[in-house]
Amino acid sequence: MLSLVLAATLCSPVTTPFTGTLCAPNDGKRHAAMLLLGGSEGGDSMAPLARQFADHGYVTASVAYFKAPGVQPTLVDVPVETVKHAIDAVSARSDVRADRIGVLGLSKGGELSLLVASTYPQIRAVIAVVPSPFAYMGLGQYGRATACSWTVNAKTLPCIPPSPQGNAIVAAQAQAGKPIRLKPFYEAARTADPAVTNAAYFPLERIHGPVLCLAAQDDQIWNSPEQCALALQYLHRHHHPYADRSIVYPGAGHLFILAADGPQHALNVMTTPGGSIAFGGTPQADATAGSAAFKQIWAYLASALGP
């Protein structure tokens, strides 16, 4: 994705102390580091992107936090310490500047990225792509909404549960044979009880670096523009002393970042055994947004962590 190769990049799978892929520039120098967190697809889905970040000069670990060997089978009660193991492993490398570590998360991984950065002061930069600043419900077997997503020190964090109204909306969409748009499902959950939503916020004021929140105007999974706005409002209200920023990309869908190399890579609707899921956007809008987003990402990281 718009990579500029600086030196030969070496990538290898990792099974301990975390599960994922680690890529590093093979130039004998010390570098800033990045952790990459994928979404509700699970597994080591960010491995291809790890190479792109390493090509740009960052020692990069894609971290699988569920649906992979050695981690949770579902997106329920995932320990935030799963990512801490990756932070520690990357920090200990001789080619890493341990005071310059950032995290990028996509979708549910964007939610996790904000939690990780709120929990561990080693994180000095956050790129949250179509994220949530609070914990939504977990996703159990077959992706069913259930329980809560995250634990810290073996304690389940409060989360926003599904609402009867949201469940009814999804059921009506399925009965009509249309692609499922999950946005009204999550909006119904988020707005059902303000006290529950407030309790599910992460302590974002504890983040030791700037937050870059990237949202999709036509996001049909959840309302990422509103959730980025809420994150920035929270940070401002709590006097976060960094240059936080939110960008909303016009016409883009939830997975616009996948189309940075062109519209042929866009994923706007996905067919599943039970029907189809709409992500929003169009191939061209996603490609335009993805290309623009990576220009912002590289500039942001150069400023926050150095080249």
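Where is Pro17 found? The model examined here is predicted, and in it Pro17 sits in the loop between E1 and E2. The peptide bond that joins Thr16 and Pro17 is cis. Its omega is about 5 degrees.

Cys11 and Cys23 form a disulfide, with sulfur atoms 2.0 Å apart. Cys11 belongs to strand E1 (residues 9–14) and Cys23 to strand E2 (residues 20–25), so the bond ties together parts that are 12 residues apart in sequence. The torsion about the S-S bond is about 115 degrees, so this disulfide is right-handed. Cys11 counts as partly exposed, at 30% relative accessibility. Cys23 is buried, with a relative accessible area of 1%.

The overall fold was described next. The protein chain has 8 helices and 15 strands. Its C-alpha atoms fill a box of roughly 60 × 40 × 40 Å along the principal axes. For 307 residues, a compact globule would have a radius of gyration near 19 Å. The protein chain has 18 Å, which agrees. Buried residues make up 56% of the 307 residues. Contacts between residues at least 6 apart in sequence were also examined, and 72% of these join residues at least 24 apart.

Surface and charge were then considered. The protein chain exposes about 12700 Å². Carbon and sulfur atoms supply 56% of that area. There are 20 positive and 19 negative side chains. The centres of the two sets lie 2 Å apart.

The structure holds 3 disulfides. With the bonded cysteines numbered in sequence order, the pairing is 1-2, 3-4, 5-6. The bond between Cys11 and Cys23 is described above. The other pairs are Cys148 with Cys159 and Cys213 with Cys228.

In the pair formed by Cys148 and Cys159, the sulfur atoms are 2.0 Å apart. The S-S torsion is about -70 degrees, so the disulfide is left-handed. Cys148 lies in strand E9 (residues 145–148), while Cys159 lies in the loop between strand E11 (155–156) and helix H4 (164–175), so the bond ties together parts that are 11 residues apart in sequence. Both Cys148 and Cys159 are buried.

In the pair formed by Cys213 and Cys228, the sulfur atoms are 2.1 Å apart. The torsion about this S-S bond is about -85 degrees, so the disulfide is left-handed. The bond links distant parts of the chain, with Cys213 in strand E12 (residues 211–216) and Cys228 in helix H7 (residues 224–237), 15 residues apart. Both Cys213 and Cys228 are buried.

Helix H5 (residues 183–192) was examined for burial. The helix is mostly covered, with 7 of its 10 residues buried. The buried residues of H5 are Pro184, Phe185, Tyr186, Glu187, Ala188, Ala189 and Arg190. Their cover includes strand E8 (137–139), E9, H4, helix H6 (194–199) and H7.

Asn153 has a positive phi of about 55 degrees although it is not a glycine. Asn153 lies in the loop between strand E10 (150–152) and E11. Its relative accessible area is 66%, so Asn153 is exposed. His239 is not a glycine either, yet has a positive phi of about 55 degrees. His239 is found in the loop between H7 and strand E13 (245–249). At a relative accessible area of 68%, His239 is exposed.

Notes
Residues are numbered from 1 along each chain as its sequence is written. This is a predicted model: local features need pLDDT of at least 70, side-chain atom pairs count only at pLDDT 80 or more; totals for chains, interfaces and linings use all residues. Side-chain values use heavy atoms; hydrogens and water are left out. Helices (H or I, at least four residues) and strands (E, at least two) are DSSP runs, numbered from the N terminus. The radius of gyration is taken over C-alpha atoms; the globule rule is 2.2 Å times the number of residues to the power 0.38. Buried means under 20% relative accessible area, exposed over 50%, partly exposed in between (1.4 Å probe, protein chains only). Contact means heavy atoms within 4.5 Å. Accessible areas come from the Shrake-Rupley method with a 1.4 Å probe; for residues, only the protein chains shown count as cover. Lys and Arg count as positive and Asp and Glu as negative; His and the chain ends are not counted. The place of a charge is taken as NZ of Lys, CZ of Arg, CG of Asp or CD of Glu. A disulfide is a pair of cysteine sulfur atoms within 2.5 Å.
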